[in-house]
Amino acid sequence: MTTMLNEGHVRVQDVTIRFNGKKGPVIALDTTNVDLKPGTFTALIGPSGCGKSTLMNAIGGFVKTSSGTIALDGVPITGPSDKVGVIFQQYGLFPWFTALGNVRFGLKRLGLSKAEEIDRARAALDEVGLGAHADKYPQQLSGGMKQRVAIARTFAFGPKVLLMDEPFGALDAQTRLVMHDLLLSVWQKHRATVLFVTHDVDEALLLADEVRVMSQAPGRLIRHYELTQARPRTFSRSGSDLLTIRDEIIDLLRPRALIDA
Amino acid sequence: MAVTDLQTPPTSENGLLPQIKRLCGIAAATLTGGPVISFLFILGIWSAVGALQILPEAIFPAPWSVWSATVEMWQNGTLAKDLRVSLSRAAIGFVLGASLGVALGLLTGRVAVIRTLLNPFLTLLRPIPAIALVPVAIVWFGIGEGSKYFVISYTVFLTVWFNTHHGMEYVPETYLRASRSLGASKLREFLTVVIPAAAPHIFAGIRLGVALAFLSLVAAELSGASSGIGYRLQEARQYIRTDRMFSLLIILGLLGATVDLIVHHIGKKLVHWEQS
């Protein structure tokens with residue numbers, strides 16, 4: 001457990017990100033400092049277009065920082081790597097592979113024998129309750145099932161950090177709740193450091209150890225909450241603190257409040 | 001229970017009748033929705049025009065004259081030979097052009113230097129019709145098979161290249177990000193992500209290429225041939241055999257449509273994920 005807790009430490013130091021827009025440079029992310037401690041679950045919440053996905057993409061190595069550094073366990077992140085897993089809102093599954101084929105794709109780099117690779121991929125699908133659908137193609141699966149395949153695919157090769165960009169945004173409310181339970185159980189087993197981008201306040205409060213709130217563009221982190229309530233959480237059972245925080249965040253996200261801040 | 005009772009027929013003996021009716025309905029719908037009705041309709045008008053002798057037979061032959069011309073060409077052996085020659089020209093030209101098109105499309109889609117060097121030039125070549133190349137082809141390759149292959153493969157190549165290149169450009173960013181974050185090497189990403197993602201476009205290009213191989217076939221056979229459907233059309237003109245011309249044109253149309261159907265079905269099997 002102690003060795004696990006030393007891995008997957010993301011340190012974002014003085015990072016700004018600018019893009020070249022049509023009317024000159026646009027600041028997508030204002031000076032940001034944040035530490036994602038090993039094995040923690042951080043929810044990043046903010047109004048749309050505030051730069052939360054930009055920060056996530058920078059940690060994923062998809063976007064270059066304009067200044068400052070992002071390091072994983074002391075090593076600067078320079079591009080995408082298999083140490084950082086990503087789960088996309090649009091699933092990112094390959095439609096030409098079956099569910100099993102998609103999971104196997106992520107296992108290829110381990111250089112396992114074919115039988116071993118299939119076994120591990122099957123085990124990963126079993127873990128998310130999709131063992132019976134291993135040979136189906138993504139387009140034959142529902143949205144919730146697709147995202148389960150994506151979760152299985154990412155956890156199967158054991159990333160140290162897991163980035164999730166509004167992963168359940170396209171799902172209906174009922175499916176979301178099921179996915180929350182599933183995600184927590186898989187995460188508690190594998191213990192990656194999670195950064196979960198969402199604009200759903202309730203989702204952030206039910207899942208995360210830490211909730212970070214971002215301002216409107218140009219985005220910067222304006223509030224930080226640590227949640228210690230035991231999981232699984234519900235608003236009726238997990239104490240009134242959660243509801244107080246919920247009200248505060250909703251107030252923070254209101255455009256009017258942001259002008260004052 | 002009451003609801004299901006209302007929906008089932010009162011006696012089980014009658015169960016067969018609705019089924020037959022349903023099958024007849026499907027068959028009728030297939031025929032009316034399919035090409036048969038259209039063909040019968042045109043054939044009917046054509047027969048009427050032929051029977052009433054509105055136009056001289058030498059200008060606009062009746063269906064039965066076209067049919068007997070077909071039988072005649074078949075019996076004297078020219079039709080089979082022409083088909084064999086033309087189809088092999090189209091096939092060889094297509095294979096040459098399509099493989100070069102796919103290969104170069106993958107390169108221009110992937111390698112910036114090659115794209116910068118070649119794309120503007122290739123784009124400039126696209127509007128040049130196949131028939132305009134015939135004189136050049138004859139100078140370069142003579143009147144042998146070479147000039148036919150050149151004209152056909154040139155046309156097929158440009159279309160297949162263009163579609164492949166565009167398929168490569170529109171590979172969704174999410175696939176590339178997923179692949180990279182899953183630790184795939186550049187080569188594996190190219191083979192198992194980029195190419196499948198571009199495959200629907202590549203196949204669209206190949207299907208167009210097949211159609212163009214047929215279209216440019218006739219143009220290619222104008223470059224001095226002694227057999228082939230295109231040559232036979234020329235010959236029929238010299239003897240004012242419109243019945244033969246009609247026969248050859250219909251055969252060309254049917255051949256093209258059949259090959260297109262086959263290619264379409266193969267494409268659907270190979271890029272099965274594109275259907276939803």
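Visitor: How much area do chain A and chain B bury between them?

Guide: In this predicted model, the two chains bury about 1800 Å² between them, and 72% of that area lies on carbon and sulfur atoms. The size of an interface is often given as the accessible area lost when the parts come together.

Visitor: What makes a residue of chain A count as being in contact with chain B?

Guide: The requirement is a heavy atom within 4.5 Å of a heavy atom on the other side. By that rule, 23 residues of chain A touch 18 residues of chain B.

Visitor: How many salt bridges and how many polar contacts are counted between chain A and chain B?

Guide: Zero salt bridges are counted between chain A and chain B. Three residue pairs are in polar contact, both residues of each pair being at pLDDT 80 or more. On the side of chain A that touches chain B, the elements that give two or more residues are β6 (84–87) and α3 (99–107) of chain A. The residues of that side divide into 14 nonpolar, five polar and four charged.

Visitor: Why is the pair A:R11 and A:D35 called a salt bridge?

Guide: The cut-off is 4 Å between a side-chain nitrogen of Lys or Arg and a carboxyl oxygen of Asp or Glu. The closest N and O atoms of A:R11 and A:D35 are 3.2 Å apart, therefore the pair qualifies. Over all chains, the same rule gives 25 salt bridges.

Visitor: How do the strands β1 and β2 of chain A pair?

Guide: β1(A) and β2(A) pair in the antiparallel sense over nine bridges. Within this pairing, A:V10 has A:L36 in β2(A) as its bridge partner. Both strands belong to an open sheet of four strands in the order β2-β1-β4-β5 (chain A), with antiparallel pairing. β2 and β5 (75–76) of chain A each have a single partner strand, so they stand at the edges and one side of each is left without a neighbour in the sheet.

Visitor: What makes strand β9 (residues 210–214) of chain A largely enclosed by the rest of the structure?

Guide: A residue is buried when its relative accessible area is under 20%. Five of the five residues of β9(A) are buried, so the strand is largely enclosed. In a regular strand the side chains alternate between the two faces of the sheet. Here A:E210, A:R212 and A:M214 point one way and A:V211 and A:V213 the other, all of them buried.

Visitor: How do you know in which sense β9(A) pairs with strand β3 (residues 41–45) and strand β10 (residues 221–226) of chain A?

Guide: At least two bridges are needed for two strands to pair. Four bridges join β3(A) to β9(A), in the parallel sense, and A:A43 has A:V211 as its bridge partner. Five bridges join β9(A) to β10(A), which run antiparallel, with A:V213 opposite A:R223. A hairpin of six residues connects β9(A) to β10(A).

Visitor: Which kinds of element does chain B contain?

Guide: Chain B has twelve helices and zero strands. Of its 276 residues, 39% count as buried.

Visitor: Why is the pair B:E72 and B:R244 called a salt bridge?

Guide: The N to O distance is 2.7 Å, which is within 4 Å, so the pair meets the rule. B:E72 lies in helix α4 (residues 63–75) of chain B and B:R244 in helix α12 (residues 242–270) of chain B, 172 residues apart. B:E72 is partly exposed at 32%, whereas B:R244 is buried at 14%.

Visitor: What separates B:R232 and B:E235 along helix α11 (residues 229–238) of chain B?

Guide: The two are three residues apart in the helix, so about one helical turn separates them. Their closest N and O atoms are 3.3 Å apart, and they form a salt bridge. B:R232, at 9%, and B:E235, at 17%, are under 20%, therefore both count as buried. Elsewhere in chain B, salt bridges with shared partners join B:E72, B:R241, B:D243 and B:R244 into one network.

Terms used:
Residues are numbered from 1 along each chain as its sequence is written. Chains are lettered from A and ligands numbered from 1 in the order in which they are written. This is a predicted model: local features need pLDDT of at least 70, side-chain atom pairs count only at pLDDT 80 or more; totals for chains, interfaces and linings use all residues. Side-chain values use heavy atoms; hydrogens and water are left out. Buried means under 20% relative accessible area, exposed over 50%, partly exposed in between (1.4 Å probe, protein chains only). Buried area is the accessible area (1.4 Å probe) that two parts lose on being put together, summed over both. A polar contact is a pair of N or O atoms within 3.5 Å; within protein, one must be able to donate a hydrogen and the other to accept it, and residues adjacent in sequence count only if both atoms are side-chain atoms. Ala, Val, Leu, Ile, Met, Phe, Trp, Tyr, Cys and Pro count as nonpolar, Asp, Glu, Lys and Arg as charged, and the others, Gly among them, as polar.
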